[in-house]
Amino acid sequence: MKSVIFYYTGTGNSLWSARRLAEKLDGATLRPLKSADPFEAGDADVVGFVFPVHMWGIPGRVLDFLEKLAVKPDTYYFALAVNAGQVSRTLLQLSGLLARRGATLAAGFDIVLPSNYIPWGGPGPEERRNELFLRAGEKINAAGSAIAAREEGQIDKGPLWQRVVFTAIYKMSFKQVPKMDKDFWTDDRCNGCGVCVRVCPAKNIILAAGKPAWQHHCEQCLACIQWCPEESIQYGKKTPAYQRYHHPEVQLKDVIG
Ligand SMILES: Cc1cc2nc3c(=O)[nH]c(=O)nc-3n(C[C@H](O)[C@H](O)[C@H](O)COP(=O)(O)O)c2cc1C
Ligand code: SF4
Ligand code: SF4
């Protein structure tokens with residue numbers, strides 16, 4: 001069995017999940033969706049996608065990638081949709097996309113980890129975060145066994161009301177995402193280090209007179225605000241009071257690299 005796992009991550013939860021899964025899948029290759037040419041999986045017969053749920057659906061970068069990916073009908077496709085408790089229709093959306101390309105999502109798992117959506121608050125108390133890491137690790141282990149055995153059929157989803165209401169919001173909000181960066185600003189702790197420029201997967205930040213300037217092709221991954229070493233980036237009015245978050249076992253160099 002030759003496995004490839006494509007992953008996208010803002011704050012490391014999806015990278016951590018992908019790594020955990022790769023350990024279970026003996027020698028799976030990890031490929032970030034930042035690399036120049038990730039659109040084919042070579043001779044892999046097991047191909048996975050690990051990505052965060054954004055606004056109750058698949059993030060734009062992952063959609064673009066899936067559109068360009070060379071898919072094969074006899075490949076075993078699986079996914080981990082990494083989220084903060086509301087996976088909604090995300091994995092069904094992925095299943096539909098692959099089906100339209102003549103392929104099948106054999107298995108899709110909902111992995112719940114601390115929230116990185118800082119406009120709505122911090123990642124929660126440490127005790128709760130540790131509980132989530134533990135449970136997610138157990139679920140990834142179980143997913144790994146199911147994938148290794150090429151089991152088919154499990155596609156996790158949220159409750160019906162969530163799929164109806166939130167899918168409508170996803171569709172309405174999707175086009176707004178690139179310009180949502182207009183609410184970012186920096187406080188006087190910014191020292192012009194440029195980490196935000198380097199961590200942005202969309203090359204959406206430039207330094208102008210030593211301060212970040214957002215260029216309105218944002219993906220809302222929130223890497224910039226969460227990884228700023230000075231915690232100087234803010235979003236709207238409330239984030240000065242909210243704790244920053246990235247997965248504790250993932251470092252800045254892992255995300256930039
Ligand atoms: C723009 C945005 C939208 C999000 N929307 C959802 C959502 O709809 N449902 C959910 O459960 N979590 C949502 N989250 C939380 C992330 O999915 C979650 O924290 C995930 O673990 C982050 O993964 P990462 O660290 O790999 O980026 C959202 C996060 C961001 C940045
Ligand atoms: S990472 Fe933070 S401190 Fe560094 S340039 Fe960006 S905003 Fe300023
Ligand atoms: S500007 Fe910030 S939130 Fe937007 S894509 Fe870049 S790192 Fe992510």
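Trainee: Where is the place of Asn116?

Mentor: Before I answer, note that this is a predicted model, in which local features need pLDDT of at least 70, side-chain atom pairs count only at pLDDT 80 or more, and totals for chains, interfaces and linings use all residues. Residues are numbered from 1 along each chain as its sequence is written, chains are lettered from A and ligands numbered from 1 in the order in which they are written, and side-chain values use heavy atoms, with hydrogens and water left out. Helices (H or I, at least four residues) and strands (E, at least two) are DSSP runs, numbered from the N terminus. Asn116 is found in the loop between strand 5 and helix 4 (126-148).

Trainee: Which residues does Ala44 contact?

Mentor: Ala44, which lies in the loop between strand 2 and strand 3, is in contact with Lys2, Ser3, Val4 and Thr75, leaving aside its neighbours within four places in sequence. Ala44 has a relative accessible area of 6%, and is therefore buried. From C-alpha to C-alpha, Ala44 and Met1 are 7.6 Å apart in space, although 43 residues apart in sequence.

Trainee: How should I read the sheet, and what is the order of its strands?

Mentor: Two strands pair if DSSP finds at least two bridges between them. Here five strands form an open sheet in the order 2-1-3-4-5, with parallel pairing. Strand 2 (29-32) and strand 5 (105-112) are the edge strands, each of which pairs on one side only. From one strand to the next, the twist averages 20 degrees.

Trainee: How many bridges join strand 4 to strand 5?

Mentor: Strand 4 (residues 76-83) runs parallel to strand 5 and is joined to it by seven bridges; in strand 5, Ala107 is the bridge partner of Phe78, and Leu105 that of Tyr77. Seven bridges also join strand 3 to strand 4, again running parallel, and there Gly48 stands opposite Phe78.

Trainee: Why is strand 4 described as largely enclosed?

Mentor: Eight of the eight residues of strand 4 are buried, so the rest of the structure largely encloses it. Tyr76, Phe78, Leu80 and Val82 point one way, and Tyr77, Ala79, Ala81 and Asn83 the other way, all of them buried. In strand 5, seven of the eight residues are buried, so this strand too is largely enclosed by the rest of the structure.

Trainee: Which strands does helix 3 lie across?

Mentor: For such angles, axes are lines fitted to C-alpha atoms, for helices over the stretch in contact, and the angle runs from 0 to 180 degrees between N-to-C directions. Helix 3 (residues 90-100) lies across strand 3, strand 4 and strand 5, and runs at about 155 degrees to strand 5.

Trainee: Which residues are the closest to ligand 1?

Mentor: A residue belongs to the surroundings of a ligand if one of its heavy atoms lies within 4 Å of it. Ligand 1 is surrounded by 22 residues, the closest being Thr9, Thr11, Ser14, Val53 and Trp56. A polar contact is a pair of N or O atoms within 3.5 Å; within protein, one must be able to donate a hydrogen and the other to accept it, and residues adjacent in sequence count only if both atoms are side-chain atoms. A polar side-chain atom of Ser14 is 2.7 Å from an oxygen atom of ligand 1, while a polar backbone atom of Gly12 lies 3.1 Å from an oxygen atom of this ligand.

Notes: Contact = heavy atoms within 4.5 Å. Buried < 20%, exposed > 50% of the residue type's maximum accessible area, 1.4 Å probe, protein only.
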